[in-house]
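Colleague: Can you walk me through this model? I'd like to start with a helix contact and then go wherever it leads.

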Amino acid sequence: MLASIVLAVALTGHFAGEDVAQLSELLSIPSVSDDAGECDRATEWMKSYLESRGVWCKVLYAPEANGRKVLYASTVPELKNPDYTFVTHLDVVAAASAEMFKPRLEGNILYARGACDTKANAFCGAKALVALNGKASVGCIFASNEEIGGSTTKSVLDQGYGFPKKAIIVLDSGTKKDKIQYSCMGCSYYKVTAYGKAGHASLPEICDNPIYTLAEAAIKLRDNYPKREPGERKNCAAVTIISGGESQNRIPSEASMTVNVRFTEEDGLEKERALIEKITGLKTELIRGTPAACGDPASPDFLRICETAKKHYPDRSCAPENGRGANDMRWFCGFRGAIACLAMNLDGGHSDCEWCDVSDIGNFTDMLVEICK
Ligand SMILES: [Zn+2]
């Protein structure tokens with residue numbers, strides 16, 4: 001399989017067959033986020049790729065992810081606070097078919113789960129570390145559960161590695177990139193609970209049914225939470241789960257719903273909790289969430305990153321843009337320097353047709369090297 005890829009590459013000759021063979025090996029590890037064993041295998045693969053090329057690596061264990069492995073690597077041994085931190089991930093979303101873990105090269109296009117989101121970007125980050133080893137101040141967090149919340153990135157930071165001095169470069173993308181995102185939205189889940197008076201369903205007049213109270217609260221949320229127009233980057237809230245009652249002939253004593261909120265404020269976790277509580281009039285608790293993060297789009301480092309990106313990708317606008325999704329820049333809430341989300345030529349993240357253009361590996365890596373040297 002790999003031999004045939006190398007052969008195909010040797011015939012076209014546009015890019016390094018060695019890179020495609022290595023990347024294909026990484027893509028063939030089915031490191032679906034929920035599979036800690038395969039994610040550990042991808043982490044070990046990356047560690048040995050880097051160590052065999054002289055780059056210092058540290059495997060950490062993430063307590064909030066049942067001790068799964070997560071890799072931090074840097075161009076100087078034990079570099080805790082580099083000038084530049086790459087943030088990327090080695091886990092992928094599930095695939096409809098196991099075939100997606102057999103990388104397929106057609107011309108310059110490599111198809112596989114993770115080719116877009118985001119192993120190809122992570123691979124270029126690793127190549128940049130090799131090129132800059134001993135010559136620049138760069139660290140890289142290779143998260144192993146970004147697609148299910150990203151607590152592995154948090155645990156690297158908690159253990160003292162990877163908070164940068166100048167810039168965070170997020171190597172991650174679900175789609176083709178045109179602009180450069182410098183922020184991401186927060187995402188939180190709240191449990192809203194209504195309490196009532198339980199009793200026999202044949203005697204509703206002497207009970208207080210919390211399901212009605214909860215239903216009214218859901219409607220209040222629909223009507224009173226600030227509205228957002230299509231395309232706007234504003235907060236939004238949605239009821240996603242409703243639960244209550246355990247018996248068909250009994251009015252329960254409580255009912256609850258989950259409300260998912262996406263928000264732009266760095267202190268949004270508590271602000272939004274208080275707002276949901278005020279609108280619904282019901283007890284509202286944070287289940288889990290990650291804050292919003294926002295880099296400084298006017299910082300000289302960010303402007304230089306945009307300029308360098310434009311030089312390497314003249315067809316892209318490379319203009320600054322607020323991000324609407326969530327990625328692992330979420331753990332850098334409070335960082336005041338440059339944050340930039342970058343990706344090579346690729347598309348189709350999470351879809352059944354995920355690809356990257358391997359003829360761009362060299363260009364994308366060169367751009368990262370130029371930014372960090
Ligand atoms: Zn991703």
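Modeller: Start with helix 6 and helix 7, where A217, K220, L221 and N224 of helix 6 meet I276, I279 and T280 of helix 7. By class, the residues of this contact are four nonpolar, two polar and one charged. Keep in mind that this is a predicted model.

Colleague: At what angle do helix 6 and helix 7 pack, and how far apart are their axes?

Modeller: The angle is about 115°, and the axes are 8 Å apart. Helix 6 covers residues 210-224, and helix 7 covers residues 268-280.

Colleague: Are helix 6 and helix 7 roughly perpendicular or roughly parallel to each other?

Modeller: Roughly perpendicular, because angles from 65 to 115 degrees are put in that class.

Colleague: And is the crossing of helix 6 and helix 7 right-handed or left-handed?

Modeller: Helix 6 and helix 7 cross in a right-handed way.

Colleague: Which strands does helix 7 lie across?

Modeller: Helix 7 lies across strand 10, strand 12, strand 14 and strand 15. Relative to strand 10, helix 7 runs at about 30°.

Colleague: What is the order of the sheet with those strands?

Modeller: The order is 12-14-10-15, in an open sheet of four strands with antiparallel pairing. Strand 12 (236-244) and strand 15 (283-290) are the edge strands, and each pairs on one side only. On average, neighbouring strands in this sheet are turned by 20° against each other, direction ignored.

Colleague: How many bridges join strand 10 to strand 14?

Modeller: Ten bridges join them, with strand 10 at residues 186-195 and strand 14 at residues 254-263, running antiparallel.

Colleague: Switching topic. Where are the domains?

Modeller: The domain assignment gives domain 1 as 2-184 + 293-372 and domain 2 as 186-290. Taken over C-alpha atoms, the centres of domain 1 and domain 2 are separated by 37 Å.

Colleague: How many residues of domain 1 are in contact with domain 2?

Modeller: Seven residues of domain 1 are in contact with five residues of domain 2. The side of domain 1 that touches domain 2 has three nonpolar, two polar and two charged residues.

Colleague: Back to helices. How do helix 4 and helix 9 pack?

Modeller: Helix 4 (residues 119-132) and helix 9 (residues 361-372) pack at about 50°, with axes 9 Å apart. The crossing of helix 4 and helix 9 is right-handed.

Colleague: Which residues make that contact?

Modeller: From helix 4 they are C124, G125, K127, A128, A131 and L132, and from helix 9 they are I361, F364, T365, L368, V369 and C372. The classes here are nine nonpolar, two polar and one charged.

Key
Residues are numbered from 1 along each chain as its sequence is written. This is a predicted model: local features need pLDDT of at least 70, side-chain atom pairs count only at pLDDT 80 or more; totals for chains, interfaces and linings use all residues. Domain bounds come from an automatic or database domain assignment. Two residues are in contact if their C-beta atoms, placed from the backbone, lie within 7 Å. Ala, Val, Leu, Ile, Met, Phe, Trp, Tyr, Cys and Pro count as nonpolar, Asp, Glu, Lys and Arg as charged, and the others, Gly among them, as polar. Axes are lines fitted to C-alpha atoms, for helices over the stretch in contact, and angles run from 0 to 180 degrees between N-to-C directions. Helices (H or I, at least four residues) and strands (E, at least two) are DSSP runs, numbered from the N terminus. Angles under 35 degrees count as roughly parallel, over 145 as roughly antiparallel, 65 to 115 as roughly perpendicular and the rest as oblique. A crossing is left-handed if the near helix is turned anticlockwise from the far one by less than a right angle, and right-handed if clockwise. Two strands pair if DSSP finds at least two bridges between them.
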